[in-house]
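Please read the following with the sequence and the model side by side.

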Amino acid sequence: MVMALSRVRLFQPHGEGTRLLPQASRLVELPYSSFDDEDDDDTAEQDPGVWYPDPPKLSPFSHCVRYLAFLWNLLFLLLGLLTLAVGVWGLLAKSPLAGGERGVPLSSDPMLLFVLAGLGASSVSLAGCLGAFRASPCLLRFFLGAVLAFGGLEVLGGLLLLLARRRLRDALRDLLLLCLLRYQEDPDLQFLVDEVQRSLQCCGLESYRDWESNLYFNCSAPGVQACGVPASCCQDPLENGSVPNAQCGFGVLGLGAAAAGAVVHTGGCGAALGAWLRGQAGAIATGATALVLVEAVGALLALKVLRDVSALRVWE
């Protein structure tokens, strides 16, 4: 309410004329006006510092975490692309268009594992890399979800391996038998079998006689490899020379056990591979733990970046 001071003259009759009384002062209440409040509101709206505080800024630590998350995912993106390139190269090398021969279907080709692993790793790492670079909450949430899913599957797989070790041995035995049957059909399987037999100094699944189940090494086969075993079974494939003798195992299946033992390793790879895996249990557990820790570090970095981005989006 605004009060104004007004002066009013009072007159009192005196004889024929009038006498001017001293002036009196009194306060008069004027009507209320809202123009002053509107001016105040306009002034407040023009001063954002009074009603709206400055938005928060990222600390140097947050900037470092963001750059580290970008570089971290960029590294695994390159590794994933390298794995994908190796898998694609392996598939194309055996493609009929490239002059190769595909003896096994694509679904059972070992190189398909490289393709799938490289594709999955590169896709997830690309989402994390772009999410950290562009500060995209959507990509960061996708990256976190994928990492948590992969980590959960790895932990679940480890528990299943511990609980079903007997079934794992049976599956490994079936896999080795399949590799023996398809030895000449796939160069990748041939390389894998040769490396296992050469490294573990073994031959076949249970014994060197298991190679009779192969169509090319069976004694009834028409080829030159009939009644033989691969050169990786030989005790001395070089035969005191510098060039490996690819025919050192020919005719071994037609010999007796003593004569064959002087030329090739007669023990099977099933038991040798099982003993090697038991001896490497510590290294395998360490590798699995390191993989989980790497995924956890990437997830924590992405989570920190996501929290900072979400805090900034609230003020926009």
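Alanine 135 counts as buried because its relative accessibility is 14%, and buried here means under 20%. The model is a predicted one. Alanine 135 sits in the loop between H4 and H5, just after the end of H4. Its phi is near 55°, a positive value in a residue other than glycine. Most residues other than glycine have a negative phi.

The overall layout comes next. The protein contains 10 helices and four strands. Along the sequence the order is β-β-β-β-α-α-α-α-α-α-α-α-α-α. Of its 316 residues, 27% count as buried. Taking contacts between residues at least 6 apart in sequence, 63% join residues at least 24 apart.

H4 is made of 24 residues, and the distance from its first C-alpha to its last is 34 Å, close to the 34 Å expected at 1.5 Å a residue. Its buried residues include Met111, Val115, Gly118 and Ser122. Further along H4, Val124, Ser125, Ala127, Gly128, Cys129, Gly131 and Ala132 are also among the buried residues.

The crossing of H4 past H5 is left-handed. On the H4 side the contact is made by Val124, Ala127, Gly128, Leu130, Gly131 and Ala132. On the H5 side the partners are Leu139, Leu140, Phe142, Phe143, Ala146, Val147 and Phe150. Sorted by class, this contact has 11 nonpolar residues, two polar residues and no charged residues. Val124, Ala127, Gly128, Gly131 and Ala132 are listed both in the contact with H5 and among the buried residues of H4.

The cysteines can be followed next. A disulfide is a covalent bond between the sulfur atoms of two cysteines. The whole structure holds four disulfides. With the bonded cysteines numbered in sequence order, the pairing reads 1-8, 2-5, 3-4, 6-7.

One of these bonds joins cysteine 202 to cysteine 269, with the sulfur atoms 2.0 Å apart. This disulfide is right-handed, with 95° about the S-S bond. It links distant parts of the chain: cysteine 202 is in the loop between helix H7 (187-200) and helix H8 (257-261), while cysteine 269 is in helix H9 (residues 269-279), and the two are 67 residues apart. Cysteine 202 and cysteine 269 are both buried.

Another disulfide joins cysteine 219 to cysteine 227, with an S to S distance of 1.9 Å. This link is right-handed as well, with 85° about the S-S bond. Is each of its two cysteines buried or partly exposed? Cysteine 219 is partly exposed, because its relative accessible area is 40%. Cysteine 227 is buried, because its relative accessible area is 16%. Cysteine 227 lies in the loop between H7 and H8. Its phi is near 65°, a positive value in a residue other than glycine.

The disulfide between cysteine 234 and cysteine 248 has an S to S distance of 2.0 Å. Its handedness is right-handed, with 105° about the S-S bond. Cysteine 234 and cysteine 248 each lie in the loop between H7 and H8, 14 residues apart. Cysteine 234 counts as buried because its relative accessibility is 5%. Cysteine 248 is buried because its relative accessible area is 9%.

Histidine 265 brings two of these bonded pairs together in one set of contacts. Histidine 265 lies in the loop between H8 and H9, and it is buried because its relative accessible area is 15%. Leaving out residues up to four places away in sequence, histidine 265 touches Gln201, Cys202, Cys203, Tyr208, Cys233, Cys234 and Gln235. Of these, Cys202 is bonded to cysteine 269, and Cys234 is bonded to cysteine 248.

Cysteine 138 is exposed, because its relative accessible area is 58%. Cysteine 179 is buried, because its relative accessible area is 4%.

Note on methods. Residues are numbered from 1 along each chain as its sequence is written. This is a predicted model: local features need pLDDT of at least 70, side-chain atom pairs count only at pLDDT 80 or more; totals for chains, interfaces and linings use all residues. Side-chain values use heavy atoms; hydrogens and water are left out. A crossing is left-handed if the near helix is turned anticlockwise from the far one by less than a right angle, and right-handed if clockwise. Contact means heavy atoms within 4.5 Å. Ala, Val, Leu, Ile, Met, Phe, Trp, Tyr, Cys and Pro count as nonpolar, Asp, Glu, Lys and Arg as charged, and the others, Gly among them, as polar. A disulfide is a pair of cysteine sulfur atoms within 2.5 Å. Buried means under 20% relative accessible area, exposed over 50%, partly exposed in between (1.4 Å probe, protein chains only). The expected span of a helix is 1.5 Å times one less than its number of residues.
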